[in-house]
Amino acid sequence: MSFVRTYTKPKVFGITVLAALVLGALAGYLAKSAGLGRLTTTLEKVGDVFTSLLQFTVIPLVFTAIVVGITSLRRLGSSRAARLGGKTLLWFAVTSLIAVLVGLAIALVFKPGTGVQVAPTESALKRLASREGGSWSTLLDTLVPSNLFSAFTEGKVLQVVFIAILVGFAAYALGEKAAPFVDLTRSAFDLVQKIVGWIILLAPLGVFGLIGTAFATYGNSFVRPLFSLIAAVYGGTLIVLFVVYPILLRFVGKVSPLTFFGKAWTAIQFAFVSRSSGATLPLSRQTAANLGVDNDYASFAVPLGTTTKMDGCAAVYPAIATVFIANLFGIQLGVWQYVAIVAVAVFGALATAGTTGWFTMLTLTLGAVNLPPEVIATGVAVVYAIDPILDMVRTATNVAGQITVPVLVARSEGLLDDEILNAPSEPPLLSAPREAVPA
């Protein structure tokens, strides 16, 4: 058996990623404690290259996946397609509501940030100074691009989503006239998926560099005082991931949680490593299909969820981080401020589209509860220091939700094939191609 086929086996790949996680943390700690600048630079370079490889695939993935997904609904009929869209958005809102309530419950019980004394680093303040905070007016102002091509060249994911939806529905309306364009778009999507499959194989190197850089940069000076935030975020997201979703899958989707995680684990694992829902999109889409979701509906629902369904980044995390920052500065939140946190999580998910989603959603939430500007700026700079550690579990939760909702909706619409659901399937985009058998 070749090395590649062995390496891409789920258990082998999973162990390799975990080993890279541990080795990266040790290398980063060594670089920090021993002052090994060259090792720190190497770790940062490895992480940056992996991140860049992922980021350059996000824009073409999002555009082609949404266009293909919308046009794929034609086979299901207009009325059914509209009903599927409505149910999908409803379940996005319901699961976001549950997730934000879990986040608030964790924050209120464990009170992260109480008694913590920590100040932001100068580098964090400088990096965040150039970012524009989240707001409803900013969302509306940046939704429609002034130039068709600038949305793609400047990496404006939300604008690309807007364009893709317009183009997708136009192609849907044109039918056969748009068939050549749809075929070309589908081929482009398949090409990008193939590239992502190659990038996935580099995940252990990527996580080694990313985790190593986090430990080499911040060490224990920030991790220790912010441990209450780390524990709260991981606790809240893991409850959503391993309690809320399994309950919904068992009692609403009539799907065994063990079957779900057995087929979804590769996508969830890659999301944890890559910290990118967009880069995980091909795995998420194929996982939904492997779970028996109608392929045409999966092609629509999963890409839509990738850009608007983020229970980790847009619900659990903003709730906990907002309470943490309030506790950090000794500010007591009132009932209506908690209501505002819930409302933003349910209705503001669209604002998280893009690689800066957590920042947009957190500042949007902090603004909604009317915290002073200096508290918002300082608080965000503090939590930014450990963002790579938090972003891993947030993204894994995002992706699990983006797969769960299509399963629930497909079951309610009779679009879930139990034969495919219960049949063994290869890990999406990870398994090596089978070797040709000699004649």
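Q: In which helix does isoleucine 389 lie?
A: Isoleucine 389 lies in helix 19, residues 387-412. The model discussed here is predicted.

Q: Why is isoleucine 389 called buried?
A: Its relative accessibility is 16%. Buried means under 20%, so isoleucine 389 counts as buried.

Q: How far apart are isoleucine 389 and tyrosine 234 in sequence and in space?
A: In sequence they are 155 residues apart. From C-alpha to C-alpha, the distance in space is 9.6 Å.

Q: What makes arginine 394 a buried residue?
A: Arginine 394 also belongs to helix 19. Its relative accessible area is 0%. The cut-off for buried is under 20%, and arginine 394 is therefore buried. The C-alpha atom of arginine 394 is separated by 8.1 Å from that of tyrosine 234, although the two residues are 160 residues apart along the chain.

Q: How do you know that serine 284 is buried, and what does it contact?
A: Serine 284 is in helix 13, residues 277-290. A relative accessible area of 0% is under the 20% limit, so serine 284 is buried. Neighbours within four places in sequence aside, serine 284 is in contact with Ala267, Val302, Val399 and Ile403.

Q: Why is aspartate 296 counted as buried?
A: Aspartate 296 sits in helix 14, residues 295-308. Its relative accessibility is 17%. Because buried means under 20%, aspartate 296 counts as buried. Apart from neighbours within four places in sequence, aspartate 296 is in contact with Gly69, Ser72, Leu73 and Arg75.

Q: Which residues meet where helix 3 and helix 14 are in contact?
A: From helix 3 come Val62, Ala65, Ile66, Gly69, Ile70 and Ser72. From helix 14 come Asp296, Ser299, Phe300, Pro303 and Thr307. By class, this contact has 6 nonpolar, 4 polar and 1 charged residues.

Q: What makes helix 3 and helix 8 roughly parallel?
A: The axes of helix 3 and helix 8 (residues 157-174) cross at roughly 30 degrees and come within 8 Å. Angles under 35 degrees count as roughly parallel, so helix 3 and helix 8 are roughly parallel to each other. Their crossing is right-handed.

Q: Which residues meet between helix 3 and helix 8, and how do they divide by class?
A: Among the residues of helix 3 in this contact are Val58, Ile59, Phe63 and Val67. Those of helix 8 include Val157, Val160, Ala164, Gly168 and Tyr172. The residues of the contact divide into 17 nonpolar, 2 polar and no charged.

Q: Why is lysine 111 called partly exposed?
A: Lysine 111 is in the loop between helix 4 (78-110) and helix 5 (122-129). Its relative accessible area is 48%. Buried needs under 20% and exposed needs over 50%, so lysine 111 falls in between and is partly exposed.

Q: What makes asparagine 370 exposed?
A: Asparagine 370 is placed in the loop between helix 17 (357-368) and helix 18 (373-384). Its relative accessible area is 65%. Exposed means over 50%, and asparagine 370 is therefore exposed.

Q: What is the phi of lysine 111, and what is that of asparagine 370?
A: Most residues other than glycine have a negative phi. Phi of lysine 111 is positive, near 50 degrees. Phi of asparagine 370 is also positive, near 65 degrees.

Note on methods
Residues are numbered from 1 along each chain as its sequence is written. This is a predicted model: local features need pLDDT of at least 70, side-chain atom pairs count only at pLDDT 80 or more; totals for chains, interfaces and linings use all residues. Side-chain values use heavy atoms; hydrogens and water are left out. Helices (H or I, at least four residues) and strands (E, at least two) are DSSP runs, numbered from the N terminus. Buried means under 20% relative accessible area, exposed over 50%, partly exposed in between (1.4 Å probe, protein chains only). Contact means heavy atoms within 4.5 Å. Ala, Val, Leu, Ile, Met, Phe, Trp, Tyr, Cys and Pro count as nonpolar, Asp, Glu, Lys and Arg as charged, and the others, Gly among them, as polar. Axes are lines fitted to C-alpha atoms, for helices over the stretch in contact, and angles run from 0 to 180 degrees between N-to-C directions. Angles under 35 degrees count as roughly parallel, over 145 as roughly antiparallel, 65 to 115 as roughly perpendicular and the rest as oblique. A crossing is left-handed if the near helix is turned anticlockwise from the far one by less than a right angle, and right-handed if clockwise.
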